[in-house]
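Please look over the sequence and the model shown here, and then read on for an account of its pockets and of its sheet.

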Amino acid sequence: VRSLQLVSASPGLATDVDRAGRVEDDETLADRIEAGGVESFVDDWIEHPLFASQKRLPEPVRRRARDQRLVHSARGLANSLRGMGTGAMRPLHDELVSLPMPVSLMAGALDPKFVAIAEAIELQPGWRRTIVDDCGHALYLEAASAVYLEAVTFQNGLRS
């Protein structure tokens with residue numbers, strides 16, 4: 001791996017208390033997904049304030065994103081939360097800052113939670129942080145060209 005691009009990413013929750021609370025929340029959500037089904041979950045999920053900026057996207061883009069989310073199974077989504085959710089994830093703060101390759105941290109300016117996470121990570125030599133104006137959490141959907149441009153320029157050691 002020559003370089004790493006982290007988009008709206010988190011190195012995990014730092015404390016046992018925070019992780020335990022998130023495991024509990026994720027288990028509740030997993031149970032709700034299994035009981036109510038994928039469509040109900042997706043429709044509720046896209047109404048989450050984290051994704052509010054996606055309402056500005058053209059209807060065909062939003063419909064395609066929703067359709068892609070609907071192909072998952074309730075059991076698969078629930079198990080993903082249980083096994084790979086933020087609560088189940090071991091914190092990677094120390095490992096992240098010791099990575100030997102350059103790292104690009106990206107977040108959308110309209111996503112204050114993940115902007116704060118990106119800003120809390122101490123930049124190492126050769127790393128950079130990019131906050132994309134007027135975008136929310138799903139940069140790959142809201143600003144795909146910015147994500148691609150960052151990947152290309154960062155990998156090639158250029159400044160965007």
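In this predicted model, α1 gives the largest share of the lining of the largest pocket, namely five residues. Helices α1 (16-36), α2 (38-45), α3 (59-70), α4 (74-84), α5 (93-97), α6 (112-120) and α7 (139-142) each supply at least two residues of that lining. The space in the largest pocket comes to about 1,400 Å³, and of the 44 residues that line this pocket, Arg22, Trp45, Phe51, Thr86 and His137 are the closest to its centre.

In the second largest pocket, the largest share of the lining, six residues, comes from α3. Among the residues that line the second largest pocket are Phe51, Glu59, Arg62, Arg63, Arg66, Arg69 and Leu141. The table sets out the volume and the lining classes of each pocket.

| Pocket | Volume | Nonpolar residues | Polar residues | Charged residues |
|---|---|---|---|---|
| Second largest pocket | about 180 Å³ | four | one | seven |

Turning to the sheet, three strands form an open, parallel arrangement in the order β1-β2-β3. Because β1 (4-7) and β3 (128-132) stand at the edges with a single partner strand each, one side of each is left without a neighbour in the sheet. From one strand to the next, the twist averages 20 degrees. Strand β2 (residues 103-108) pairs with β3 in the parallel sense over five bridges, and alanine 107 has isoleucine 131 in β3 as its bridge partner.

Two helices lie across these strands: α6 lies across β2 and β3 and runs at about 155 degrees to β2, while α8 (residues 144-155) lies across β1, β2 and β3 and runs at about 165 degrees to β2.

Methods:
Residues are numbered from 1 along each chain as its sequence is written. This is a predicted model: local features need pLDDT of at least 70, side-chain atom pairs count only at pLDDT 80 or more; totals for chains, interfaces and linings use all residues. Side-chain values use heavy atoms; hydrogens and water are left out. On a 1 Å grid over the protein atoms alone, a cavity is a set of points where a 1.4 Å probe fits but cannot get out, and a pocket is an open set with protein on both sides within 12 Å along at least five of seven lines; lining residues have an atom within 4 Å of a point. Grid points are joined across faces, edges and corners, and a volume is the space filled by probe spheres set on the points. Helices (H or I, at least four residues) and strands (E, at least two) are DSSP runs, numbered from the N terminus. Ala, Val, Leu, Ile, Met, Phe, Trp, Tyr, Cys and Pro count as nonpolar, Asp, Glu, Lys and Arg as charged, and the others, Gly among them, as polar. Two strands pair if DSSP finds at least two bridges between them. Axes are lines fitted to C-alpha atoms, for helices over the stretch in contact, and angles run from 0 to 180 degrees between N-to-C directions. Contact means heavy atoms within 4.5 Å.
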